[in-house]
Amino acid sequence: MNLLDWLPVATAGGLILNAVRLRDRLSGLRRVRPAESARDDYAVITGVGADLHERVRSAAIAHAHRTGAQVLDLVPCDLPVQRVLDLARSVDLGSYARNLAGPGRGAGHAMLVAPGVLSRAASTAGTLAPGEFGAATARLRQYVATAGIVVVPGPAAASADASRRAWLRGLGEPVELILAGTMAAWTLVLAGLLVQPAAGLAALGAYCAVPYIVCAGTALRPRDLHRAALLRPVLTPWTCWRTLRGPRSSWELDRAARLDEARAHYRPELAQGVERFLERPRNDCPWCGSLAVKLHVSCRDIIQAKPGRFRLDRCRDCGHVFQNPRLTVAGLDFYYRDVYDGLGAEAAERVFAGQAFWYRARAAMVAAHTAPGTWLDVGTGHGHFPRTAAAVLPGTVFDGLDLGDGVAEAQRRGWIRRGYQGQFPELVDELAGRYDVISMHHYLEHTRDPFNELDTAVKVLGPGGHLLIEVPDPECVYGRLLRGFWIPWLPPQHQHLFPIENLKRALTARGLEVVAEARRSAQQGPDLPGAVLAALNLLGPDPARPWGPAPGMADHGRRVLALLLAGPLLLIAFGAQYAMRPFVRSHSNAYRILARVAAG
Ligand SMILES: [Zn+2]
């Protein structure tokens, strides 16, 4: 047998393993117990055509009171197969209650919301269209401490594939990537039939068995289970097509209007060219003053694909890496716009929501050394870290500081007690003496003057205070290997990247003592798959981006090509990253340091 002959066998194995994984994610789903609630205080949101019987509603409210869930999604037991698969892909019931930083998930049938939550989130009850229901599902969970998902008796609304796109977009899910993944699996099954018909049939059987495996032993009995399973090879392309061509919801139309508005803003700016956003290059190292400065990496904007080329120089004496020439303040404003806020807010939310593991590891490092009363998170973004860390350190009060307006939203959600919007060094007098811990996670490398930030932290903390810093590691071997495609260079946002010894010396020089450091547990996702995504994003950037040229057929073609390549290339990249582990000694792409200001 040659290598290709193994394709159907590997496909069948992969399909079954993935189905078992999806089943495990749903295994925590429980049926609501028949009960009467004495209270009728929860607001109800329903999808179009969903019918929520009075007795079911009462039982669900009783369940919400019993479990303390302030938002409770009601999943009809006969939910169609496609929606079951979407649910399993988007939520792990086992960690849903614990992952406080994550967005809400559900089935789009009906949802109960505790009193007061709707007004705080500026949302409304009643019947919502799929796109709006998706957006409300994702958002409301962020305004409460406890949320749940429970199975109720059907029937599910007769939801056509046509509403799926609006629903997924409302949730903030990457619809194109999901469809690309679905079609990649389908293509593998078909290709298997062609190269090895006998084994290919086994892969086809596994493909049809997926819905049965996912639902086995769960509380769900999709009404279209047999049809959806047996006809799956035929239905999949049809479902994908219907999802892609589905009507646009008012939520999507609103986004389209925001894109048009942004285009009108960007156009005159781009007409003036982007070279004006760069200062004059310097010839010395901003860290140590040495003149031995050399080009290290030249790169482009791998996240947004905004126009412009950037270079990072490296000091041969101290190893410091810095943007040279650096961006002007107007340039920073141009390149940061719509990354974390505005048009990029949903994508940023998705990235931050997936980092609970690191949030807990950071909080745990501090918890091992001190029990802080107050903690200021500098560069807090939308407050995802404080939200998760509060569960590790229940006795600590968290405040947040950031340049963006995400801090105001974080305060509204109750994720931080107080939000400060502005530059950290400019707020030094207001903040001094108020905090036991200051954290800077992936913040220092974004600043124009890291020394000034460290000085400010020491002044604000005072003797005995702790400073927690996490930054990308410019000495990571993948940084040299992957050049401009290494995500942690993050051009053009990152201004300074410093080797760990440089940072430790800078801390010691300011009277701080390093009490803990970590590399492995600071690793920010695998480097090779990240580089594949960066390269594909430059190959076929989103044609709808308002800072791009008016898209032609070729731009759409490149986008489709990039999406089609994503599945197989990511698989190879994950495999290669794993295989290279023994040969790459210090492969962590970030490090974390905890330091204490010396007492008096
Ligand atoms: Zn230097």
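## Helices around a pocket

Let's start with four helices: α6 (130-140), α7 (164-171), α14 (345-353) and α17 (406-413) each contribute at least two residues to the lining of the second largest pocket. The biggest share comes from α6, which provides five residues. Keep in mind as you look around that this is a predicted model.

How many residues line this pocket in total? The lining of the second largest pocket is made up of 28 residues, and those lying nearest its centre are A135, R139, Q142, W251 and E346. By type, the lining residues split into twelve charged, nine nonpolar and seven polar. The volume of the second largest pocket is about 740 Å³.

## The zinc site

Now let's turn to the metal. Which residues hold the zinc ion? The zinc ion is coordinated through the SG atoms of C285, C288, C315 and C318, at 2.2 to 2.4 Å. The arrangement counts as tetrahedral because the angles subtended by the four donor atoms are 106 to 113°, and the rule for four donors asks that all angles lie between 85 and 135 degrees.

## Where the donors sit in the chain

Reading along the chain, you will find the donors of the zinc ion in the pattern C-x2-C-x26-C-x2-C. Within this set, C285 and C318 link distant parts of the chain, being 33 residues apart. C285 lies in the loop between α12 (250-271) and β6 (293-300), while C318 lies in the loop between β7 (309-315) and β8 (321-323).

Are these two residues buried or exposed? Both C285 and C318 are buried, with buried meaning under 20% relative accessible area.

Note on methods:
Residues are numbered from 1 along each chain as its sequence is written. This is a predicted model: local features need pLDDT of at least 70, side-chain atom pairs count only at pLDDT 80 or more; totals for chains, interfaces and linings use all residues. Side-chain values use heavy atoms; hydrogens and water are left out. On a 1 Å grid over the protein atoms alone, a cavity is a set of points where a 1.4 Å probe fits but cannot get out, and a pocket is an open set with protein on both sides within 12 Å along at least five of seven lines; lining residues have an atom within 4 Å of a point. Grid points are joined across faces, edges and corners, and a volume is the space filled by probe spheres set on the points. Ala, Val, Leu, Ile, Met, Phe, Trp, Tyr, Cys and Pro count as nonpolar, Asp, Glu, Lys and Arg as charged, and the others, Gly among them, as polar. Donors are N, O and S atoms within 2.8 Å of the metal (3.2 Å for Na, K and Ca); water is not among the atoms, so sites may look incomplete. Four donors count as tetrahedral if all angles lie between 85 and 135 degrees; four count as square planar and six as octahedral if opposite donors are over 155 degrees apart and all others between 65 and 115; anything else is irregular. Buried means under 20% relative accessible area, exposed over 50%, partly exposed in between (1.4 Å probe, protein chains only).
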